Amino acid sequence: MRVVSNGDLHISAPYRTPRSAIDQFVRENEAWIRQALQNQLQRNHQRADFYGQLPLETKEQAMEAVNRLDGIIRPMLLKYTALMDVHPTKITYKPTISRWGACNKRTGVICFSTYLLLLPGWCIEHVVVHELAHLIEANHGPKFHAIMDRYFPRWKEARKATREMVTSC
Ligand SMILES: [Zn+2]
């Protein structure tokens, strides 16, 4: 049983479990459910507070943010594309929430979230190296982690710091 991000309660049970057994299970775990819902609500508020720090409602705000981020990311791209010998074909920016970057290994297009502006430089750098690493390896397997170990040894630390920033705002 778990509470998912929109506040729904998901319960897994064997296929033939009678509905009454599930109902009883829910009743018996009411306190846990209440607490889990409360926690989820709080996380959603924290996320809203975090992303709300960078207003991107108007076209001017969005363009200014993209220009500012591009100014930060370009030098990082120059450094790491040379080091890693990778060649992205296109860099784009979108105000994506809960996804810092995306890389299409086949087309070589990398997209970064404009909200990276809310992260400290070393965490932005981590995302840049992560997406560039996807040009070499598509999946998050051992091969991918070996690439990260080589080019950005603090990747676990950066990932943790980034996650904590979003939920501790
Ligand atoms: Zn990835």
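**Exercise 1. How many helices and how many strands does the protein chain have?**

Before we start, note that this is a predicted model: local features need pLDDT of at least 70, side-chain atom pairs count only at pLDDT 80 or more, and totals for chains, interfaces and linings use all residues. Residues are numbered from 1 along each chain as its sequence is written.

*Solution.* 
- Step 1: helices (H or I, at least four residues) and strands (E, at least two) are DSSP runs, numbered from the N terminus.
- Step 2: with that rule, the protein chain has six helices and five strands.
- Step 3: reading from the N terminus, their order is β-β-α-α-α-β-β-β-α-α-α.
- Step 4: the radius of gyration is 20 Å, well over the 15 Å that the globule rule gives for 169 residues, so the chain is more spread out than a compact globule. Here the radius is taken over C-alpha atoms, and the rule is 2.2 Å times the number of residues to the power 0.38.
- Step 5: along the principal axes, the C-alpha atoms fill a box of roughly 60 × 40 × 30 Å.

**Exercise 2. Find the domains of the protein chain and describe their contact.**

*Solution.* 
- Step 1: the assignment gives domain 1 (2–52) and domain 2 (59–167); such bounds come from an automatic or database domain assignment.
- Step 2: the C-alpha centres of the two domains lie 33 Å apart.
- Step 3: five residues from domain 1 and six residues from domain 2 take part in the contact, where two residues are in contact if their C-beta atoms, placed from the backbone, lie within 7 Å.
- Step 4: on the domain 1 side, two of the residues are nonpolar, one is polar and two are charged. The classes are nonpolar (Ala, Val, Leu, Ile, Met, Phe, Trp, Tyr, Cys and Pro), charged (Asp, Glu, Lys and Arg) and polar (the others, Gly among them).

**Exercise 3. At what angle do helix α2 and helix α6 pack?**

*Solution.* 
- Step 1: axes are lines fitted to C-alpha atoms, for helices over the stretch in contact, and angles run from 0 to 180 degrees between N-to-C directions.
- Step 2: α2 (residues 30–52) and α6 (residues 155–167) pack at an angle of about 100°, their axes being 7 Å apart.
- Step 3: α2 and α6 are therefore roughly perpendicular. The cut-offs are under 35 degrees for roughly parallel, over 145 for roughly antiparallel, 65 to 115 for roughly perpendicular, and the rest oblique.
- Step 4: R43, Q46, R47 and F50 of α2 meet M165, V166 and T167 of α6. This contact has three nonpolar, two polar and two charged residues.
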